[in-house]
Amino acid sequence: MSNKLKIGVLISGQGSNLKALINACKEPNFPVEIALVISNVTNAKGIKHAKSADISCIIIDHKKYINRKDFEAAMTQSLSEAKVELVCLAGFMRLLSEQFIKPWLNRLINIHPSLLPSFKGLNVHDRAIKAGAKFSGCTVHFVRNGVDNGPIIAQSVVPIYNDDTSIDLAKRILEQEHRLYPSVVRWFAEDRVKFQGQRVVVTGIDPPSTVMINPSLGS
Ligand code: GRF
């Protein structure tokens, strides 16, 4: 039996973060395996990544459930049956209630394309550019009640250039997401993600290392 950390990945869309996790898990010594992928959207583009890697993938379509409670209960049941130890939201576009969060407390993480707590929610790149921010990035955080809310685990920073469109910025940040999310799940597998009061620290590395600075920033 494998002693790798079993993760479940929840998607709704293109699944490029799922693909990055799949690629990381293909590395021989990567201590994580994807036990289950759940999509709440029947024809989500990301499903193909799971299929071509031979990973169990199921559709749990929220529209087929009378209420959020039943939809979430179905997901929890499938994740538990697959013996998932850590749930990773990767472009999962449903708000999760306390009922789902509670049983997965501190075993449920999300990736968001901004430097939280700035720019929660949608249209983040447009909003960051319009606000005149000089940097943006991505954040992996524990999930708590509310939108993009919860203790920050790690962030990656990118510059915002004067002539950036939201498409340019989204692309630059997504590249960082694909590096950051696999790193974070590895830290979980190595049991290095700890709370220090309200803050999350990753043991074995200096705190600044949980912030990945994009090399293109220069000195
Ligand atoms: C990513 O930008 C992620 O941060 C956000 O949704 C997007 C999902 O992209 N939560 P993908 O489906 O992983 O390509």
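In this predicted model, strand β5, which spans residues 108–112, has five of its five residues buried, so the strand is largely enclosed by the rest of the structure. Side chains in a regular strand alternate between the two faces of the sheet. In β5 both faces are covered: L108, N110 and H112 are buried on one side, and I109 and I111 are buried on the other.

The pairing of β5 with other strands may be considered next. Strand β4, residues 86–89, pairs with β5 in the parallel sense, and three bridges join the two. Within this pairing, V87 has L108 of β5 as its bridge partner. Strand β6, residues 135–142, also pairs with β5, here in the antiparallel sense and over four bridges. In that arrangement I109 stands opposite F142 of β6.

Which residues are found around the ligand? They are Q14, G15, S16, N17, G91, I111, H112, P113, L174 and E177.

A polar side-chain atom of Q14 lies 2.8 Å from a ligand oxygen. For G15, the atom concerned is a backbone N or O, at 2.8 Å from an oxygen atom of the ligand. N17 likewise contributes a polar backbone atom, which is 2.9 Å from a ligand oxygen. Taken alone, the ligand exposes 370 Å², and the protein buries 83% of that area. The space taken by the ligand is the largest pocket. Two or more residues of the shell around the ligand come from each of the elements α1 (16–26), β5 and α6 (166–189).

A separate site lies in strand β7, residues 152–159, where S156 is found. Is S156 buried or exposed? Its relative accessibility is 0%, and S156 therefore counts as buried, the cut-off for that class being under 20%. The side chain of S156 makes a polar contact with the side chain of Q176, at a distance of 2.8 Å.

Conventions: Residues numbered from 1 in each chain as written. Predicted model: local features only at pLDDT ≥ 70, side-chain atom pairs only at ≥ 80, totals over all residues. Heavy atoms only, no water. Buried < 20%, exposed > 50% of the residue type's maximum accessible area, 1.4 Å probe, protein only. Pairing = 2+ DSSP bridges. Near = heavy atom within 4 Å. Polar contact = N/O pair within 3.5 Å; in protein donor to acceptor, adjacent residues only side chain to side chain. Areas by Shrake-Rupley, 256 points an atom, 1.4 Å probe, with all protein chains shown as cover. 1 Å grid on protein atoms, 1.4 Å probe; cavity = no way out; pocket = protein on both sides within 12 Å on 5 of 7 lines; lining within 4 Å. Sits in = over half its atoms within 2 Å of the grid points.
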